[in-house]
Amino acid sequence: MSSKFNKYASDYDAWFLENENVLYSEVKLVAHFLENAGDIFSVGCGSGLFETILEKEFNISIKNGIEPSEGMADIARKRGLNVDISTAEEMELGKENYDTILFNGTPSYISDLQKAFNKSYDALRPDGKIVVIDVPKESSYGVLYNLAKALGTWEHPLLEGVHPRNPYPIEFVKAANWRTTAEKVDMLKKSNFNNLQFAQTLTKHPLNSNLVAEEPINGFDCGDYVAICAIKN
């Protein structure tokens, strides 16, 4: 999977920059649960695009992370992040070293998500929090992505007129395994996290999601990008 992101690392940033309102809707959702977040660790930081915007525009500093793709990690390092090459399953974060652990857009690319949540629990200090953000399988984007994945392309009559003008690169769609919000909640609870809170964005149809940057709202009933915040205590 990391080989896909190595090959298409520049496409990742290019897609977000072409879909700027989608990008900022998602950035605002990430920032929603990171106020007073303390020492933050980013699991699957990618190119560091989100982390860079969060620091420059929201005064939220994220300096450390992991990323399995060498190509993505190289870009993130140039943006000032300290990045180790590792998967979420194999990461070594130690015991009680962080206040917040962030999974932004990465759960669908992690095979053993339960193992990653267990490691995160151990790495958090008491009352630390995990923030898990992704496209839910049950959302409009989730259904659309899974259809494109099954068809192997965006260029199919069944998708004509229903996907955004600049859809997410099909290589990244093929590599993903989207999970429902309920599945992620169950995993977090199995890892002993509690006090779950939810927020969401991208509440318009995918055809229209790039028309305006949205502010996050509470819940998980209508958003195509959903954040779950849970506490270790």
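A residue is called buried when its relative accessible area is under 20%, exposed when over 50%, and partly exposed in between, with a 1.4 Å probe and protein chains only. The model is a predicted one, in which local features need pLDDT of at least 70 and side-chain atom pairs count only at pLDDT 80 or more, while totals for chains, interfaces and linings use all residues. Residues are numbered from 1 along each chain as its sequence is written, and side-chain values use heavy atoms, leaving out hydrogens and water.

Trp154 has a relative accessible area of 7% and is therefore buried, and Tyr145, at 6%, counts as buried too. These two, Tyr145 and Trp154, form an edge-to-face aromatic pair, with 6.0 Å from centre to centre and 75 degrees between the planes; rings of Phe, Tyr and Trp (its six-membered ring) pair if their centres lie within 6.5 Å, and planes under 30 degrees apart count as stacked, over 60 as edge-to-face and the rest as tilted. Ring pairs join Tyr145 and Trp154 into a cluster whose members include Trp15, Phe16 and Phe50.

Turning to the helices, H6 (residues 113-123) and H9 (residues 181-190) pack at an angle of about 40 degrees, with axes 9 Å apart. Helices here are DSSP runs (H or I, at least four residues), and strands are likewise DSSP runs (E, at least two), numbered from the N terminus; axes are lines fitted to C-alpha atoms, for helices over the stretch in contact, and angles run from 0 to 180 degrees between N-to-C directions. Contact means heavy atoms within 4.5 Å, and Leu113, Gln114 and Phe117 in H6 meet Lys184, Met187, Leu188 and Lys190 in H9.
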